[in-house]
Amino acid sequence: MFAIPLSEDGSTLCPLEPWQAEEFLAHVDRGREFIGRFNGLPDVVTDLESSRTLLQTYADRTAADSGRLFGIRTAEGLLVGAVLFRRFETGSGIAEAGCWLEPAAVGRGLVTRAVRAIIDWAVEERGIHRVEWWVSAGNEPSIAVARRLGMTKEAVMRESYLYRGTRHDEEVWSVLAPEWRAAKQTS
């Protein structure tokens with residue numbers, strides 16, 4: 001299996017596949033409460049069958065070229081988070097990226113580096129023109145990732161996200177391919 005280095009400490013980014021359902025479930029279980037503050041993943045992945053189903057859904061999306069799911073691993077190989085393209089439309093040139101992490105992996109820049117890698121691939125290899133980042137307005141760490149990636153806040157969708165019985169505002173951030181390329185040249 002291929003892995004993309006994320007840092008000098010040996011952390012990597014690699015695909016997640018259905019045969020890894022048991023490991024994926026253990027990862028979700030370790031971070032269930034933390035991840036679930038803003039992300040519905042823990043409500044969807046509750047047992048081995050639902051873990052396998054989610055991974056198969058993304059395997060099918062990969063095969064259909066409509067989504068991707070990548071795991072973030074420590075140097076020891078422990079799965080501690082993921083980044084994904086929830087939506088990936090080469091025809092329209094629009095993709096939506098997302099992420100989550102276990103608490104033990106927070107604050108190391110892994111999500112920013114991982115999302116940077118997948119955005120760069122989407123823009124440079126696949127011709128994606130616009131990458132979106134939809135985030136709960138209360139999720140400051142995720143908003144900080146959007147800022148570090150050079151995204152622009154475009155909108156606040158007031159009370160548009162019904163999550164666990166409460167309506168939340170969602171922010172829409174994005175970066176366009178020309179902006180992405182220009183930022184790479186100056187860094």
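Arg-164 sits in the loop between β7 (152-163) and β8 (166-176), where helices (H or I, at least four residues) and strands (E, at least two) are DSSP runs numbered from the N terminus. The model is a predicted one, in which local features need pLDDT of at least 70 and side-chain atom pairs count only at pLDDT 80 or more, while totals for chains, interfaces and linings use all residues. Residues are numbered from 1 along each chain as its sequence is written, and side-chain values use heavy atoms, with hydrogens and water left out.

Arg-164 has a positive phi of about 50°, although it is not a glycine. Most residues other than glycine have a negative phi. Asp-65 is another non-glycine residue with a positive phi, here about 60°, and it belongs to the loop between α3 (48-63) and β3. Asp-43 is part of helix α2 (residues 41-44). Leaving aside residues up to four places away in sequence, Asp-43 touches Tyr-163 and Arg-164, contact meaning heavy atoms within 4.5 Å. Asp-43 counts as partly exposed because its relative accessibility is 43%; buried means under 20% relative accessible area, exposed over 50%, and partly exposed in between (1.4 Å probe, protein chains only).

Next comes the sheet. It is an open one of 8 strands, in the order β1-β2-β3-β4-β5-β6-β8-β7, with mixed pairing; two strands pair if DSSP finds at least two bridges between them. β1 (4-5) and β7 stand at the edges with a single partner strand each, so one side of each has no neighbour in the sheet.

Is Thr-12 buried or exposed? Thr-12 counts as buried, because its relative accessibility is 18%. Not counting residues up to four places away in sequence, Thr-12 touches Ala-3, Ile-4, Pro-5 and Leu-6, along with Gly-71, Ile-72 and Arg-73. β2 and β3 run antiparallel and are joined by 4 bridges, and Cys-14 has Gly-71 in β3 as its bridge partner.

Strand β3 (residues 68-73) is in turn antiparallel to β4, with 6 bridges joining the two. Arg-68 stands opposite Phe-85 of β4. The two strands make a hairpin with 5 residues between them, and Gly-77 in the turn has a positive phi of about 90°. How much of strand β4 (residues 79-89) is covered? Most of it: 8 of its 11 residues are buried. On to strand β5 (residues 94-101), which pairs with β4 in the antiparallel sense over 8 bridges. Val-83 has Cys-99 in β5 as its bridge partner. This hairpin has 4 residues between its strands, and Gly-93 takes a positive phi near 75°.

α4 lies across β2, β3, β4, β5 and β6 (130-136), and runs at about 30° to β4. Axes here are lines fitted to C-alpha atoms, for helices over the stretch in contact, and angles run from 0 to 180 degrees between N-to-C directions.

Then there are the helix pairs. Two packed helices are described by the angle between their axes and the distance between the axes. For helix α1 (residues 21-35) and α3, the angle is about 105° and the axes are 8 Å apart. That makes α1 roughly perpendicular to α3, given that angles under 35 degrees count as roughly parallel, over 145 as roughly antiparallel, 65 to 115 as roughly perpendicular and the rest as oblique. On the α1 side the contact is made by Ala-21, Glu-22, Phe-24 and Leu-25, and on the α3 side by Leu-48, Ser-51, Arg-52, Leu-54 and Leu-55.

Helix α4 (residues 110-124) and helix α6 (residues 177-186) pack at about 120°, with axes 10 Å apart. α4 is therefore oblique to α6. From α4, Arg-116, Ile-119, Asp-120, Val-123 and Glu-124 meet Ala-177, Trp-180, Arg-181 and Lys-184 of α6. By class, this contact has 4 nonpolar, no polar and 5 charged residues, where Ala, Val, Leu, Ile, Met, Phe, Trp, Tyr, Cys and Pro count as nonpolar, Asp, Glu, Lys and Arg as charged, and the others, Gly among them, as polar.
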